Amino acid sequence: MAHLAAGLARRWCPSSLQVVNFPVVQLHVSLRAMRASHTEFENAMNQVKLLKKDPGNEVKLKLYALYKQATEGPCNMPKPGVFDLISKAKWDAWNALGSLPKETAKQSYVDLVSSLNSSSKSSGQVEPRADSKPPGYETLVVTSEDGITKIMLNRPTKKNAMNPQMYHEIMLALEAASKDESSITVLTGSGDYYSSGNDLTNFTDIPSGGVQEKAKNGAILLRDFVGCFIDFPKPLIAVVNGPAVGIAVTTLGLFDAVYATDRATFHTPFSHLGQSPEGCSSHTFPRIMSPSKATEMLIFGKKLTAREACAQGLVTEVFPDSTFQKEVWTRLKAYAKLPPNAMRISKQVIRNKEKEKLHAINAEECSVLQERWLSDECMNAVVNFLSRKAKL
Ligand SMILES: CCCC/C=C/CC(=O)SCCNC(=O)CCNC(=O)[C@H](O)C(C)(C)COP(=O)(O)OP(=O)(O)OC[C@H]1O[C@@H](n2cnc3c(N)ncnc32)[C@H](O)[C@@H]1OP(=O)(O)O
């Protein structure tokens with residue numbers, strides 16, 4: 001493999017950049033945070049060239065693949081011949097990332113380089129092992145056992161609110177889960193909340209490109225994020241361990257089963273926030289619970305208890321909080337023993353007929369939200385939330 005190293009070393013190249021931003025509220029903010037990701041990506045590429053020693057072929061292939069995915073998107077090269085080992089190894093690494101969104105690949109590239117740097121710094125310039133594990137997630141805890149990959153939202157002090165990094169990491173974790181050895185995938189939360197939805201501080205950065213650019217990029221990110229749920233190939237189960245708000249509720253319509261503790265509540269305060277439905281809920285909720293029940297949630301912001309959400313079809317089954325985790329995981333471990341291909345193919349039979357339609361609905365919802373995020377109604381609502389504690 002030595003020539004692979006030489007071949008890879010020769011062909012790492014700089015990248016173009018894209019900055020993903022979020023919808024905006026005119027607050028006193030610095031632009032540093034947004035440029036950080038722009039700068040981070042450039043720095044990461046430079047740091048790669050300065051690595052003291054070869055990080056090993058596996059890591060180099062991963063860096064190559066993430067760089068190509070971040071700058072060109074899904075693998076667009078013809079598959080090389082079997083005898084062209086270097087090109088074949090690179091093609092395989094890039095192709096393995098599938099439809100991973102560019103922004104997620106960019107973030108993962110930065111994370112991997114920083115882990116290479118931190119391991120060499122913390123160990124006194126001892127180079128990372130060639131088979132060093134890919135970097136862990138910062139906002140998730142992802143585990144895989146008993147045929148189940150569990151993705152746990154891990155910002156409990158912020159009620160598992162979804163910030164930019166969490167959106168990216170959930171997409172990355174779903175992409176990895178779609179290809180790992182597990183037969184089902186579970187999303188759940190740590191602490192007392194499942195998730196309080198979009199992190200409203202996401203609105204508080206104004207990029208140099210202005211508010212329109214920010215709203216546009218926020219809509220792109222949301223579309224990629226929801227698209228991952230639409231396309232996920234294995235049975236996807238939500239274990240709703242507590243209250244859920246906003247996008248954490250609407251995406252439940254794209255799961256294959258939803259199990260909730262009786263402590264959970266389901267709240268989509270979109271009108272209160274000057275926003276509009278996302279996560280394909282403009283289609284899935286009327287279909288699941290009837291147009292009028294969907295209106296009560298999505299337009300009037302009615303908060304449902306777990307039992308109400310179950311009665312309306314959004315939740316599959318409700319369990320007493322005292323026995324919730326034990327009962328649900330016993331059941332999921334039994335499900336995970338079923339033939340994985342049969343489960344995956346059955347999901348395709350059930351879901352594929354709606355996939356294209358869901359992607360179109362997702363695109364439409366994101367386009368409407370892009371405008372909503374620029375409205376006074378939205379900006380005022382977010383300012384009220386962010387300043388509420390100052391009023392106490
Ligand atoms: C680009 C993608 C866009 C996708 C768009 C999606 C639309 C949505 O998801 S809209 C829904 C947005 N979420 C909310 O509106 C919920 C806001 N949070 C709350 O109303 C309350 O925090 C909540 C009822 C969830 C909990 O209330 P409390 O029990 O009183 O706890 P605290 O409010 O003290 O929360 C603890 C801590 O967490 C921070 N927090 C909680 N939720 C969010 C959030 N969504 N965004 C940002 N921060 C959140 C809260 O500010 C507290 O922080 P500290 O004050 O620093 O302790």
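Colleague: At what angle do α9 and helix α13 cross, and how close do their axes come?
Modeller: In this predicted model, the axes of α9 and helix α13 (residues 340-372) cross at roughly 120 degrees and come within 9 Å. Axes are lines fitted to C-alpha atoms, for helices over the stretch in contact, and angles run from 0 to 180 degrees between N-to-C directions. Helices are DSSP runs of H or I, at least four residues, and strands are runs of E, at least two, numbered from the N terminus.

Colleague: What does that make α9 relative to α13?
Modeller: Oblique, because of that angle. Under 35 degrees counts as roughly parallel, over 145 as roughly antiparallel, 65 to 115 as roughly perpendicular, and the rest as oblique.

Colleague: Which residues meet there?
Modeller: S281, S282, H283, T284 and R287 in α9 meet E354, K357, L358, I361 and E365 in α13. Contact means heavy atoms within 4.5 Å.

Colleague: And how do α9 and α10 pack?
Modeller: Helix α9 (residues 281-289) and helix α10 (residues 291-298) pack at about 130 degrees, with axes 7 Å apart. They are therefore oblique to each other.

Colleague: Which residues make that contact?
Modeller: From α9, S281, S282, F285, P286 and M289; from α10, P291, K293, A294, M297 and L298.

Colleague: New topic. How many helices and strands are in the protein chain?
Modeller: 14 helices and 9 strands.

Notes: Residues are numbered from 1 along each chain as its sequence is written. This is a predicted model: local features need pLDDT of at least 70, side-chain atom pairs count only at pLDDT 80 or more; totals for chains, interfaces and linings use all residues. Side-chain values use heavy atoms; hydrogens and water are left out.
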